Amino acid sequence: MAQLRIAFFDFASCEGCQIEFTNYGDVATLQLLEHVEIVEFREAMTETTDGRIDVAFVEGSFTREADRARLQEIRARARTVVAYGACACTGGINALKNHQDDFAEYVYGDAARMPHLRSGTARPISAAIKVDYEVRGCPMSKDELLLVLSNLIHGTEHWVPTYPVCVECKRRETICRYDEGDHCMGQVARAGCGAPCPADGVPCEACRGFVEDANLNALERVLVDRGGLSQRRAVGKSRMFTANPRS
Ligand code: SF4
Ligand code: SF4
Ligand code: SF4
């Protein structure tokens, strides 16, 4: 089986998804990596490539018009483009700034006027180029990324669940956060992660975005009535990873 040439690229992000990938040291991952040649990966190696790529993994949001040309150049060289992490798939947490004019000043103070901090609306990379697959989450799900890679290696179809995180949570018989006096957004969050957060005793924050047609009014009501959050906090929480519409 010919090795796939894979490369990792980053845009506006904390680069946590790249770091997450470097944490994969189990035998199954290492066996899978025998079928690929990593040709660019800034967090892990110094070599770069300007040649053909079979799979380009792109992390981070599209926030500057200047990045459009680089994204298009990656697209032109890559057979398959995979957006990975919430920032790349939906704008992620970066998209919070789309709703606040003075975000840069709030974070950086007077330094906010420095040229390299100038950026515009945080958008998914699909706003600039065609994306073939998404691996959502903040950070992205390790198992899902490896599944996409495995399907690309074997030429098999990739399937993404359309149901909410609650389904996966119930499957692993986790006690519901609401039964522990907590709150949670698993009712409307996109599944695919395996519901690790409730299993670790913390609420689902919908880092993978919402399912189609999520009832956000009902979500806010449940967060307030059952979760004990203030209305303001319920609205803010439901927007944390979904500040861009339809994410
Ligand atoms: S999705 Fe989360 S972990 Fe990944 S780059 Fe964005 S902020 Fe960082
Ligand atoms: S803990 Fe969250 S994800 Fe799990 S069943 Fe309860 S609401 Fe759903
Ligand atoms: S349980 Fe919720 S917050 Fe945790 S990884 Fe899954 S979607 Fe993200």
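How far apart do the C-alpha centres of domain 1 and domain 2 lie? Hi everyone, the answer is 26 Å.

Before I go on, a word on the source: this is a predicted model, where local features need pLDDT of at least 70, side-chain atom pairs count only at pLDDT 80 or more, and totals for chains, interfaces and linings use all residues. Residues are numbered from 1 along each chain as its sequence is written, while chains are lettered from A and ligands numbered from 1 in the order in which they are written.

So, the domains. The protein chain splits into domain 1 (4–154) and domain 2 (165–239), with bounds from an automatic or database domain assignment. Across the boundary, 7 residues of domain 1 are in contact with 6 residues of domain 2; contact is C-beta atoms, placed from the backbone, within 7 Å. The side of domain 1 that touches domain 2 has 2 nonpolar, 3 polar and 2 charged residues. For those classes, Ala, Val, Leu, Ile, Met, Phe, Trp, Tyr, Cys and Pro are nonpolar, Asp, Glu, Lys and Arg are charged, and the others, Gly among them, are polar.

Now the ligands. A residue counts as near a ligand if its C-beta atom, placed from the backbone, lies within 6 Å of it. Ligand 1 has 13 residues around it, and Ser13, Gly16, Gly85, Cys87 and Cys138 come nearest. Helix 1 (16–22) and helix 4 (86–90) each supply at least two residues of that shell; helices here are DSSP runs of H or I, at least four residues, numbered from the N terminus.

Ligand 2 has 14 residues around it, with Cys166, Cys169, Cys176, Cys184 and Gly186 nearest. Helix 7 (residues 165–171) gives the most to this shell, 4 residues. Around ligand 3 we find, among others, Cys193, Cys197, Cys204 and Cys207, in a shell of 9 nonpolar, 1 polar and 2 charged residues.

Last stop, Ser238 in helix 10 (residues 231–239). Is Ser238 buried or exposed? Ser238 counts as buried because it has 21 C-beta neighbours inside 10 Å; the cut-off for buried is 20 or more other C-beta atoms within 10 Å, exposed is 12 or fewer, and partly exposed lies in between, with C-beta atoms placed from the backbone. Leaving aside neighbours within four places in sequence, Ser238 is in contact with Met185, Leu216, Leu219 and Glu220. Thanks, everyone!

Methods
Contact = placed C-beta atoms within 7 Å.
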